[in-house]
Amino acid sequence: MTRVPAITNLFSPATLSRRTVVGAGLSAAALLALAACSPQPQLLSPQSAAVRAAEKRRLSSGNSVKVELRASETTVDLAGTLATTWSYGALPAATIRATQGDLITARVVNELPEATTVHWHGIALRNDMDGAPHLTQDPIPPQSEFNYQFLAPNAGTYWFHPHVGTQRDRGLLGALIIEDPHEPLVYDDEWVVVLDDWIDGVNATPPEILAELFQGMRGASNSQSNIMQNARSSLLRGHAGDVKYPHYLVNGRPAADPETFRSRSGARIRIRLINAGGDTAFRVALGSHRMTVTHTDGYPVEHVDVDSILLGMGERYDVLVTLGDGAFPFVAEAEGKRARGFAVVRTASLAMAPSSNVTVSELTGQVGTADQLVADAEFALPIKDIDRQLTVRLTGGMASYDWALDKRPFDMDKPLDNARIIRAGERVGIDFVNTTTMWHPMHLHGHTYQHLGGGPCKDTSIVVPGQTLSVIFDANNPGQWMLHCHNVYHSESGMMTTVAYEK
Ligand SMILES: [Cu+2]
């Protein structure tokens, strides 16, 4: 046990004075956990000099963007149904926009009845700003605040949400768009489209759903049950989702009160699609249009035309469409759940609006999935031997709700137990081996990996039953990072681990 230097490092005066942090560093419980665990190599702490040095090496534009996120109880109006929930003031939160290299300062004020954090999904940011509770920071207690401050090193479509419990299946979510100062794409307008599945304040709260899932599937035949047993998807190779949501939202609005996106016929639109759902994959299409996929998870891919696109929870896709003349259905089919999110795209003021249940043939046409994509040559990883190979087995099942990685359920209070160790500078391979009968959207914090064999650069990837998905990345962002399923109920039940840099 030679961890002590890494721990004392956390509380250096420089660390404490530099950040306006309530409860900087790790909790006493986390420190005890560190001291109690089996001998391991010394790990780089999130507050270490290496993390600060990595931030200094990042591209800086010299500009800064300041925002405030006030997490509080709110009421949202879902087509006349009033739902009490938690949000950052609006659903989704106001989009945060910055340019590559900008310094983002986000003052997070916690007016919730429980502790929270904010995670900046997909951003390869400094480790101590990643929002992983008990790992990179203590959770922000109620009635207190925390200042997140980090450089945004890569352009692209990202988003933010809490990383505590099932909070992100409430209304605590928003888009984070990092503009490219030398944007190569040409388009007339841009729409940010946040997709979500909704139950909070309508049928049950997310903690109640989790309790119901832990109770098992026995109650699922009961008409009051919020659990879905029969959600099937051939694209996802089986069971599609666990939770029966009463609403599926496009930019916070249900199908009965849809958003209307307005533009003109012939306009070329960049649509930034974000799946902020808790337990729902979305198959997205715009009626009478094809879409050109240009990016996934913020990173460019070789352009490919599709009829629709499949997004797992946490995934993002950017597409270009050239609009026709009329009013068109924008649909986000809740994959396997026989329900949909819906909006209207309108270029002609007199055209009749489509109804939300209209048949959209693009949904059953050529469906774009990540395995069809090729990374843009400029962003593909250089060819190099793998220095360290990690294998992550996805385990568990619906019946006993024992989702885990390598059959070891994650303990949030001991985040470094069973951590996967890597070293700065290594080329790391991860094989995600799905031994379960359900698909899982696996997400790595702080890095963008590439699907092996020239595939896309991503941070969240669908792994279907029986599949082994191999990805590679360069260990160039020191610290301790979560790796987990982005199904909120799976990760909360234990399908989560840590990838930690050795000192
Ligand atoms: Cu999962």
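Biologist: What makes two strands count as paired here?

Modeller: Two strands pair if DSSP finds at least two bridges between them. Keep in mind that this is a predicted model. In general, strands of a sheet pair through backbone hydrogen bonds, either parallel or antiparallel.

Biologist: What is the strand order in the open sheet of six strands?

Modeller: The order is S12-S9-S14-S19-S16-S17, and the pairing is mixed.

Biologist: Which strands stand at the edges?

Modeller: Strand S12 (247–250) and strand S17 (299–306) do. Each has a single partner strand, so one side of each is left without a neighbour in the sheet. On average, neighbouring strands of this sheet are turned by 20° against each other, direction ignored.

Biologist: How many bridges join S9 to S14?

Modeller: Seven bridges join them. Strand S9 covers residues 189–198, strand S14 covers residues 268–275, and the two run parallel. Take valine 192: its bridge partner in S14 is arginine 272.

Biologist: Now the empty space. How do I read that?

Modeller: Rolling a probe the size of a water molecule over the atoms shows where empty space is left. In this model, the largest pocket holds about 870 Å³ of space.

Biologist: Which residues lie nearest the centre of the largest pocket?

Modeller: Gln100, Pro153, Asn154, Tyr299 and Phe379 do, out of 37 lining residues. Helix H4 (49–57), S14, strand S16 (291–296) and S17 each give two or more residues to this lining. The largest share, four residues, comes from S17. Edge strand S17 thus has a place in the pocket story too.

Biologist: How does that lining divide by class?

Modeller: There are 17 nonpolar, 11 polar and nine charged residues.

Biologist: Where does the second largest pocket lie?

Modeller: Domain 2 (189–371) and domain 3 (388–501) both give residues to its lining, so the second largest pocket lies between them. Its space is about 370 Å³. It is lined by 19 residues, with Thr369, Ala370, Asp371, Ile462 and Gln467 closest to its centre. By class, the lining has 11 nonpolar, five polar and three charged residues.

Biologist: How many cavities of 30 Å³ or more does the structure hold?

Modeller: Three. The largest cavity has a volume of about 100 Å³. Of its 13 lining residues, Pro162, His163, Gly165, Arg168 and Ser491 are closest to the centre. Helix H6 (residues 488–493) gives the largest share of the lining, three residues.

Biologist: Which domains give at least three residues each to the lining of the largest cavity?

Modeller: Domain 1 (4–151 + 164–179) and domain 3 (388–501) do. The lining has five nonpolar, six polar and two charged residues.

Conventions. Residues numbered from 1 in each chain as written. Predicted model: local features only at pLDDT ≥ 70, side-chain atom pairs only at ≥ 80, totals over all residues. Heavy atoms only, no water. Axes fitted to C-alpha atoms, helices over the stretch in contact; angles between N-to-C directions. 1 Å grid on protein atoms, 1.4 Å probe; cavity = no way out; pocket = protein on both sides within 12 Å on 5 of 7 lines; lining within 4 Å. Points joined across faces, edges and corners; volume = space filled by probe spheres on them. Nonpolar A, V, L, I, M, F, W, Y, C, P; charged D, E, K, R; others polar. Domains from an automatic or database assignment.
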